[in-house]
Amino acid sequence: MELYLDTAKIEEIEEGVELGVISGVTTNPSLLAKANPSAPIEHLKKICSIVKGPVSAEVVSTNFKDMISEGLKIAKIAENIVVKIPITEDGLKATKVLSRENIAVNMTLIFSESQAILASLVGAAYISPFIGRLDDISYDGMNLVKSISEILNITNSKSKIIAASVRHPLHVVQAAKAGAHIATVPFKTIKQLAQNPLTDIGLEKFLKDSKGISIVN
Ligand code: E4P
């Protein structure tokens, strides 16, 4: 499973890429607003130059015609940009048209298997079920990822699952086991993935036991 960063903040993306574990980025209108860019298009261009892999940028239009023209504008930002479109009837129509033009679409705000089936049928390159938001309302978000993964396998779909709305390290581990191709993860959670108190205790003991003996000096 690949890891993407779920942020629009340049510093976080630079640090995440430096760690060597990030192969893409997802943004949404809320994340973009939080990063507060003076020029959004330039900001997204910069993100696309830092990360070699896919960078999702979401349309804010809600009707088919405007989604298409906004999607086409977004698609011109960089070669690795992915147009993010919410699963609505207009969104499905727009995804069909953009996908036919070989524009990669990330269909977002997926909360059910039926929505995922439709997203796959219109050719979405990525399908983003929102785990955390489902957990928030007492539904098992991870169960949805597992179920979508089974359906995509049975139907031989080319769409990839991005486990989104990830809240903690366990979500990442469970998403990998549930068959997600990608988990998009907040910066804080990426850092938490590397942490373990036993590692800190172990390292402290090794350094203490070494009594200053160094192999290289
Ligand atoms: C990413 O594609 C989603 O927009 C994002 O993961 C949503 O996360 P949230 O539910 O924490 O806002």
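Let me start with threonine 189, which sits in helix H10, residues 187–194. Helices here are DSSP runs of H or I with at least four residues, strands are runs of E with at least two, and both are numbered from the N terminus.

Before going on, the basis. This is a predicted model, where local features need pLDDT of at least 70 and side-chain atom pairs count only at pLDDT 80 or more, while totals for chains, interfaces and linings use all residues. Residues are numbered from 1 along each chain as its sequence is written, and side-chain values use heavy atoms, with hydrogens and water left out.

Is threonine 189 buried or exposed? Its relative accessible area is 2%, so threonine 189 is buried. Buried means under 20% relative accessible area, exposed means over 50%, and partly exposed is in between, using a 1.4 Å probe and protein chains only. Setting aside neighbours within four places in sequence, threonine 189 has contacts with Val166, Arg167, His168, Pro169 and Val172. Contact means heavy atoms within 4.5 Å.

Leucine 193 is also in helix H10. Its relative accessibility is 31%, so leucine 193 counts as partly exposed. Not counting residues up to four places away in sequence, leucine 193 touches Leu3, Pro169 and Val172. From leucine 193 to leucine 19 is 174 residues in sequence, and 12 Å in space from C-alpha to C-alpha.

Next, the helix packing. Helix H1, residues 10–19, packs with H10 at an angle of about 30 degrees, and the axes are 10 Å apart. The axes are lines fitted to C-alpha atoms, for helices over the stretch in contact, and angles run from 0 to 180 degrees between N-to-C directions. H1 and H10 are therefore roughly parallel to each other; that term covers angles under 35 degrees. Which residues make the contact? From H1 they are Glu12, Glu15, Gly16 and Leu19, and from H10 they are Phe187, Ile190 and Lys191.

Last, the strands. Strand E3, residues 55–58, has Val55 and Ala57 pointing one way and Ser56 and Glu58 the other way, and all are buried. E3 runs parallel to strand E2, residues 22–26, with 2 bridges joining them. Strands pair if DSSP finds at least two bridges between them. Valine 25 has valine 55 of E3 as its bridge partner. E3 also runs parallel to strand E4, residues 81–86, joined by 4 bridges. There, valine 55 stands opposite isoleucine 81 in E4.

Terms used
Parallel < 35°, antiparallel > 145°, perpendicular 65-115°, else oblique.
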